[in-house]
Amino acid sequence: MQGKVENLVKFALPEEIIHPHYCKQLPPGFPAHLSKGGKGIMCNPQEEPSLYTAHLPEVLEWLHGLEKPTGLEEEPCEIPVLLFDKEMSTESLLFHYDGTPPSARLIRNFVELFQNNIKDCKATIISPSFIPKSKLREEQEIVQLLAQSTAETSFIKFNFTRIGDFWSYAVKHKCTLLVTTKYYQADLAKVLFHFYRGGMWYDRLSFYLSY
């Protein structure tokens, strides 16, 4: 689908359910702003958006109107997307680091964007046990960055390969925001399509997708 917002970038989501935010650093209280139904924030409107947000029930209503969840399988745009359900909260963050450059860049950019909203939160980083030695230094730098930016940081090793594994972990441990790359966007669409409002659904869990 061709979006009319910002240089006709290709959007998977209908334009009417997404909201752009123009801030290099989101202001304090941004999660509460979204939870109360707030729309786009204009910190630097002369620049490109730094984030798109969408209310997850609206996204899922749109997905379930399709024969297959192919709407999120289109080529993702480069701007980060945040999907939230009952509320948006940074209380408990779950980061997916897989040793790739997009994964490291994703986490650094997230910290830059949300630094005013994560100082008191808990962060968990999941990294595979087979990270090559050449990436160990970068992995440690990511852990240190999050430790400096949040109130509490945990680092664990799991060989998760599917977005469903991260989603299940997030639900079990009551995480409120899953941060992962857009390479998993199509897999996330399938999980949302099949499990929304099921027995394992956790409506405080939001999803942040970027490159």
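Student: Which residue in strand 8 is the bridge partner of T181?

Tutor: The partner is S210. Helices (H or I, at least four residues) and strands (E, at least two) are DSSP runs numbered from the N terminus. This is a predicted model, in which local features need pLDDT of at least 70 and side-chain atom pairs count only at pLDDT 80 or more, while totals for chains, interfaces and linings use all residues. Residues are numbered from 1 along each chain as its sequence is written, and side-chain values use heavy atoms, with hydrogens and water left out.

Student: How many bridges join strand 7 to strand 8?

Tutor: Two strands pair if DSSP finds at least two bridges between them. Here strand 7 and strand 8 (residues 206-210) pair in the parallel sense over five bridges. Strand 4 (residues 92-96) also runs parallel to strand 7, joined by three bridges; L94 has L178 of strand 7 as its bridge partner.

Student: Is strand 7 mostly covered or uncovered?

Tutor: Buried means under 20% relative accessible area, exposed over 50%, and partly exposed in between (1.4 Å probe, protein chains only). Strand 7 (residues 177-181) is mostly covered, with five of its five residues buried. L177, V179 and T181 point one way, L178 and T180 the other, and all are buried. Across the protein chain, buried residues make up 50% of the 211 residues.

Student: Why is F130 called exposed?

Tutor: F130 is called exposed because its relative accessible area is 54%. F130 lies in the loop between strand 5 (122-127) and helix 4 (136-149). Its C-alpha atom is 7.9 Å from that of N159, 29 residues apart along the chain.
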